[in-house]
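The following note sets out several points for a colleague reviewing this model. Each may be checked against the coordinates.

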Amino acid sequence: MTVQILTAENIQLNVALSTKEEAIRKTGQILVDKGYVTASYIEKMLAREELTSTYMGNFVAIPHGTEDAKDLVKHSGISIIQAPEGVDFGGGNIVKVLIGIAGKNNEHLDILSNIAIVCSEEENIEKLVQAKTEEEILSLFAEVN
């Protein structure tokens, strides 16, 4: 059985987030709820954030687990939370798009590079922040699937 890396159900639009921790927990919870990872993966995402921020610039953060979290990943998957109001990731870095990643084996590297390609275009970030439907976001990431 192949599990799709990104589906409309993995995307939440217009989410209000008050803290970085809440943002990471919600991003991880989608991965848990959709069966990509075990519940303990969320703690590994928070631990990863402690090591170094997953803020990438351009209002985007890519929370993911630590190196030792690999055995908690059942299938590669991506969750996306759009938070148009933004959430502070520290140091004045405001995040409006969170992309949670779980990579099985070494697939996270491919997933990351695809996300980096999408997010390197500022107009794409703008589209992610402004998107009114999950489909608009899915079409931007069509190459990732």
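What span should the 13 residues of helix α3 have, and how far apart are its end C-alpha atoms?

1. The model under review is a predicted one. Helix α3 comprises residues 107-119, and at 1.5 Å a residue it should span 18 Å. Its end C-alpha atoms are 18 Å apart, which agrees with that expectation.

2. The buried residues of α3 are H108, I111, I115, V118 and C119. They cover an arc of only 90° around the axis, which means that they lie on the same side of α3. An α-helix has 3.6 residues a turn, so residues three or four places apart point the same way. On the face of α3 turned away from the buried side are the exposed residues D110 and I117. The buried residues of α3 are covered by elements including β3 (60-61), β4 (77-88), β5 (94-102), α4 (122-130) and α5 (134-140).

3. The largest nonpolar core has 24 residues, of which L17, L31, V37, Y41, F89 and L98 touch the most other members. Two or more residues are given to this core by each of α1 (20-33), α2 (41-51), β4 and β5. The most come from α1, which gives 5 residues. With neighbours within four places in sequence left aside, L17 is in contact with E22, A23, K26, I81, A83, G86, V87 and L98. Another core, of 22 residues, lies apart from the largest one and has I5, I125, L128 and V129 among its members.

4. A search of the whole structure finds 6 salt bridges. In one of them, E49 pairs with K20, and the closest N and O atoms are 3.8 Å apart. This pair links distant parts of the chain, with E49 in helix α2 and K20 in helix α1, 29 residues apart. E49 is buried, with a relative accessible area of 5%, whereas K20 is partly exposed at 27%.

5. E43 forms a salt bridge with R25, with the closest N and O atoms 3.1 Å apart. Because E43 lies in helix α2 and R25 in helix α1, the pair ties together parts that are 18 residues apart in sequence. E43 is partly exposed, with a relative accessible area of 45%, and R25 is partly exposed at 33%. A network of salt bridges links E21, R25 and E43.

6. A salt bridge also joins the side chains of K44 and D68 (3.2 Å, N to O). K44 lies in helix α2 and D68 in the loop between β3 and β4, so the pair ties together parts that are 24 residues apart in sequence. K44 is partly exposed, with a relative accessible area of 26%.

Definitions and conventions:
Residues are numbered from 1 along each chain as its sequence is written. This is a predicted model: local features need pLDDT of at least 70, side-chain atom pairs count only at pLDDT 80 or more; totals for chains, interfaces and linings use all residues. Side-chain values use heavy atoms; hydrogens and water are left out. Helices (H or I, at least four residues) and strands (E, at least two) are DSSP runs, numbered from the N terminus. The expected span of a helix is 1.5 Å times one less than its number of residues. Buried means under 20% relative accessible area, exposed over 50%, partly exposed in between (1.4 Å probe, protein chains only). The arc is that of the directions from the helix axis to the C-beta atoms. Contact means heavy atoms within 4.5 Å. A nonpolar core is a set of buried Ala, Val, Leu, Ile, Met, Phe, Trp, Tyr and Cys residues joined through side-chain atoms within 4.5 Å. A salt bridge is a side-chain nitrogen of Lys or Arg within 4 Å of a carboxyl oxygen of Asp or Glu.
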